[in-house]
Amino acid sequence: MTGHRSGPGREDLQAIASRIVACTRCPRLRAWCARVAREKKAAHRDEVYWGRPVPGFGDPGARLLVLGLAPAAHGANRTGRVFTGDGSGDFLMRAMHAAGFASQPTSRHAADGLRLRDAFIAASVRCAPPANKPTPAEIANCQPHLEAEWAALTRLRVVVALGRVASDTYWRILRARGGSVTRRPAFGHGQVFMPAVPGFPSLVESYHPSRQNTNTRRLTLPMLVDAFDKARDVLARSYTKRAGGR
């Protein structure tokens with residue numbers, strides 16, 4: 001991940017990443033990640049697993065934040081890069097590549113040459129949870145890490161939330177920033193929310209590209225590409241507004 005000095009009172013992304021990797025706030029998650037890294041999956045038995053919390057990665061000048069749930073036990077917990085090394089990562093990258101946010105349609109390992117364009121990817125929880133189910137307390141423990149990355153991304157305009165947990169995280173941060181929503185809309189794939197809080201990014205919701213969702217075709221590639229196209233449309237409108245409303 002590229003370092004970025006983001007301005008007065010904000011941390012460098014590299015400093016934030018170092019703190020995330022060293023985090024020990026959730027003993028249950030740390031124990032599980034260490035166990036998975038030790039026992040491994042048969043297909044990866046000769047690899048050295050990362051086995052630590054996983055920071056976000058991408059373009060330090062990104063206007064788009066892609067927010068997921070948590071690292072996969074044999075994906076990011078193995079490779080050290082979120083949405084990398086499993087089917088969900090490849091599915092996501094195919095959509096981001098099609099929408100122009102990624103340099104390639106695969107995400108296999110941390111040295112595979114993948115570069116994100118105007119996008120940064122992070123997760124609500126930074127350690128792989130058992131059964132992919134973090135507790136509310138574990139999600140809360142991780143939120144300061146996301147908020148630090150969020151603050152460092154000074155050009156941020158849109159969040160694509162992959163799944164309900166990621167969407168819930170967006171709404172919590174909105175409330176923490178002083179935003180009030182009289183009636184919060186129910187989660188729904190493809191929905192776009194543009195908050196009234198000045199400078200706060202818009203939200204585009206999508207189903208998570210988990211195997212369960214993609215194998216059952218609850219989420220198809222065209223559906224996910226459409227979500228990123230909507231994010232790009234919001235970015236285009238944001239640019240026009242800042243340029244003078246033409």
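**Aromatic rings in a predicted model**

Me: Is Phe228 buried or exposed?
Reply: Phe228 is buried, at a relative accessible area of 0% (buried is under 20%, exposed over 50%, partly exposed in between, with a 1.4 Å probe and protein chains only). This is a predicted model, where local features need pLDDT of at least 70 and side-chain atom pairs pLDDT 80 or more, while totals for chains, interfaces and linings use all residues. Residues are numbered from 1 along each chain as its sequence is written, and side-chain values use heavy atoms, without hydrogens and water.

Me: And how many aromatic pairs are there?
Reply: The count is seven, taking rings of Phe, Tyr and Trp (its six-membered ring) with centres within 6.5 Å; planes under 30 degrees apart are stacked, over 60 edge-to-face, the rest tilted.

Me: What about Phe101 and Phe228?
Reply: Their ring centres are 6.1 Å apart and their planes are at 50°, so the pair is tilted. Phe101 is in the loop between helix 4 and strand 3 (119–123) and Phe228 in helix 8 (residues 221–242), so the pair ties together parts 127 residues apart in sequence. Helices (H or I, at least four residues) and strands (E, at least two) are DSSP runs numbered from the N terminus. Phe101 is buried, also with a relative accessible area of 0%.

Me: OK, which residue lies over the face of Phe101?
Reply: Arg232, at 4.1 Å from the ring centre (the rule: NZ of Lys or CZ of Arg within 6 Å of the centre and within 35 degrees of the ring normal). Arg52 lies over the face of Trp50, at 3.8 Å.

Me: Changing topic, which residues do ring pairs link into a cluster?
Reply: Trp150, Tyr170, Trp171, Phe193 and Phe200.
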